[in-house]
Amino acid sequence: MRKQSDVEELSNSSEFNEDYYKEYWGSVSNFSENGFGYCILHKGKVVSECTSIFSSLQYSEIDIATHEDYRGQGLHLAL
């Protein structure tokens with residue numbers, strides 16, 4: 001797993017792109033400073049990913065996306 005913390009990492013995401021973070025966080029830099037994201041790679045390809053869409057001191061709301069070829073394998077449990 002690798003933490004998504006900058007624009008370079010976001011470009012590897014198949015689901016959560018720069019526009020996504022602008023919509024929920026206002027900017028990629030705001031997400032990088034206040035949010036978090038993780039992904040699972042298989043042969044260098046992002047196959048499952050999780051990112052925060054809201055975060056406070058006590059709670060976070062997350063989105064999880066898994067490539068359809070990798071669903072049903074419990075990958076979300078590793079995120």
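Predicted model: local features only at pLDDT ≥ 70, side-chain atom pairs only at ≥ 80, totals over all residues.
Contact, in this presentation, means heavy atoms within 4.5 Å. By that criterion, among contacts in the protein chain between residues at least 6 apart in sequence, 45% join residues at least 24 apart.

Residues are numbered from 1 along each chain as its sequence is written, and side-chain values use heavy atoms, with hydrogens and water left out.

Let me begin with the overall architecture. The protein chain has 3 helices and 4 strands; helices (H or I, at least four residues) and strands (E, at least two) are DSSP runs, numbered from the N terminus. In order from the N terminus, the elements run β-α-α-α-β-β-β. Of the 79 residues in the protein chain, 33% are buried, where buried means under 20% relative accessible area, exposed over 50%, and partly exposed in between, with a 1.4 Å probe and protein chains only. The accessible surface of the chain comes to about 5,200 Å², and carbon and sulfur atoms account for 45% of that surface. These areas come from the Shrake-Rupley method with a 1.4 Å probe; for residues, only the protein chains shown count as cover.

I turn now to the strands. Two strands pair if DSSP finds at least two bridges between them. Strand β2 (residues 37-42) pairs with strand β3 (residues 45-55) in the antiparallel sense, over 6 bridges. One of the residues involved is H42, whose bridge partner in β3 is K45. The two strands form a hairpin with 2 residues between them, and K43 in the turn has a positive phi of about 55°.

On to the next pairing. Strand β3 is joined to strand β4 (residues 60-66) by 7 bridges, and these strands run antiparallel. Here F54 has E61 in β4 as its bridge partner. β3 and β4 also form a hairpin, with 4 residues between them.

Which residues is S52 in contact with, leaving aside its neighbours within four places in sequence? They are W25, F31, G35, F36, E61 and I62. V47 is also found in strand β3, and it is buried, with a relative accessible area of 3%. With neighbours within four places in sequence again left aside, V47 is in contact with I40, H42, A65, T66, H67, Y70 and L75. V47 and S14 are 33 residues apart in sequence, and their C-alpha atoms are 8.4 Å apart in space.

The aromatic residues come next. Rings of Phe, Tyr and Trp (its six-membered ring) pair if their centres lie within 6.5 Å; planes under 30 degrees apart count as stacked, over 60 as edge-to-face and the rest as tilted. A search of the whole structure finds 6 aromatic pairs. One of them joins Y20 and Y21 in an edge-to-face arrangement, with 5.2 Å centre to centre and 85° between the planes. Y20 is buried, with a relative accessible area of 11%, and Y21 is buried at 0%. Y21 also forms a tilted pair with F31, at 4.1 Å centre to centre and 35° between the planes. That pair links distant parts of the chain: Y21 is in helix α2 (residues 18-25) and F31 in helix α3 (residues 28-34), 10 residues apart. F16, Y20, Y21, Y24, W25 and F31 form one aromatic cluster.

This leads to the nonpolar core, defined as a set of buried Ala, Val, Leu, Ile, Met, Phe, Trp, Tyr and Cys residues joined through side-chain atoms within 4.5 Å. The largest such core has 8 residues in all: F16, Y20, Y21, W25, V28, F31, I53 and A65. α2 and α3 each supply at least two residues of this core, and α2 gives the most, with 3 residues. In soluble globular proteins, nonpolar side chains tend to be buried together.

Finally, the cysteines. How many disulfides does the structure hold? It holds 0 disulfides, a disulfide being a pair of cysteine sulfur atoms within 2.5 Å. C39 counts as buried at 2% relative accessibility, and C50 is buried with a relative accessible area of 5%.
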